[in-house]
Amino acid sequence: MSFVVNSLFPTCTELRYRYPMPFPRPKKRFYSEDELYEYAVGALARRMRTVAELKRLLRLRVETDTEYGQTLIELIIRRLKDHSYLNDSQYAAYFSSLRRDNQKFGRQRVVSDLIAKAVDAAFDGVSEEKQAREFLRKKRLMKPKDQKQAARIFRQLARGGFGSKTIFTILKKWDVDEETLSALESETA
């Protein structure tokens with residue numbers, strides 16, 4: 001269905017009919033266990049995937065905000081692992097051999113790529129600021145009262161592996177003065 005537009009600036013509706021999206025995002029709907037399992041097997045048949053990648057695909061097909069959807073995804077993952085269709089260590093070996101043979105990368109590059117991919121998958125959808133606040137709660141660290149306590153919190157978060165942007169965001173929300181923040185910023189450089 002296509003039609004000619006008389007104005008210089010077509011509306012979104014007019015563009016939609018002229019340039020349809022080739023692959024619309026799938027609608028979330030409940031699948032039965034068997035249907036979702038078949039979809040997962042098909043996705044694995046197209047290419048090897050990690051557990052995190054497959055979970056991400058399955059979340060597009062199931063309402064994950066319900067307990068039923070979350071349980072269904074975990075059940076499918078368990079079933080695939082039991083049938084040896086899904087194995088992260090096999091994926092890592094396959095990924096490494098492809099990077100070595102096809103792209104001729106060295107050992108260190110393959111290891112760093114694999115680790116980066118695993119870490120990205122593990123932290124997908126996680127707020128670093130929320131994670132840092134939970135870290136502070138676990139360590140029982142409260143809002144700093146002076147410059148010394150602010151520096152202590154800064155160093156604890158840095159040792160915890162949080163980025164300086166996240167650390168400064170938290171300290172600014174705690175109303176730490178600019179002088180202290182600039183001193184800590186010069187310490188990181």
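Some ground rules. Residues are numbered from 1 along each chain as its sequence is written, and side-chain values use heavy atoms, with hydrogens and water left out. Since the model is predicted, local features need pLDDT of at least 70 and side-chain atom pairs count only at pLDDT 80 or more, while totals for chains, interfaces and linings use all residues.

I start with the largest pocket. A pocket here is an open set of points on a 1 Å grid over the protein atoms alone, where a 1.4 Å probe fits, with protein on both sides within 12 Å along at least five of seven lines; lining residues have an atom within 4 Å of a point. The volume of the largest pocket is about 200 Å³, taken as the space filled by probe spheres set on the points. Its lining includes Thr-50, Glu-53, Arg-56, Asp-88, Tyr-91 and Lys-117. Two or more lining residues come from each of α3 (51–59), α5 (88–101) and α6 (107–122); helices are DSSP runs (H or I, at least four residues), numbered from the N terminus. By type, the lining has seven nonpolar residues, one polar and four charged.

Next, the surface. Val-111, Ile-115, Val-119, Phe-123 and Val-126 make up a nonpolar patch, with about 410 Å² of accessible area together. Such a patch takes residues with over 30% relative accessible area and no salt bridge, nonpolar side chains being joined within 5 Å. A salt bridge means a side-chain nitrogen of Lys or Arg within 4 Å of a carboxyl oxygen of Asp or Glu. Areas come from the Shrake-Rupley method with a 1.4 Å probe. Phe-123 sits in the loop between α6 and α7 (128–138) and is partly exposed, at 48% relative accessible area. For these words, buried means under 20%, exposed over 50%, and partly exposed in between.

Which residues other than glycine have a positive phi? Ser-84 is one of them, with phi near 60°. Ser-84 belongs to the loop between α4 (67–82) and α5, and is exposed, with a relative accessible area of 52%. Asp-175 also has a positive phi, of about 60°. Asp-175 lies in the loop between α9 (164–173) and α10 (178–188), and its relative accessible area of 63% counts as exposed.

Last, helix α10 itself. Leu-184 is in that helix. Is Leu-184 buried or exposed? Leu-184 is buried, at 3% relative accessibility. Its C-alpha atom is separated by 9.1 Å from that of Phe-168, 16 residues apart along the chain.

Conventions: Nonpolar A, V, L, I, M, F, W, Y, C, P; charged D, E, K, R; others polar. Patch = residues over 30% accessible without salt bridge, like charges linked within 9 Å, V, L, I, M, F, W, Y side chains within 5 Å. Buried < 20%, exposed > 50% of the residue type's maximum accessible area, 1.4 Å probe, protein only.
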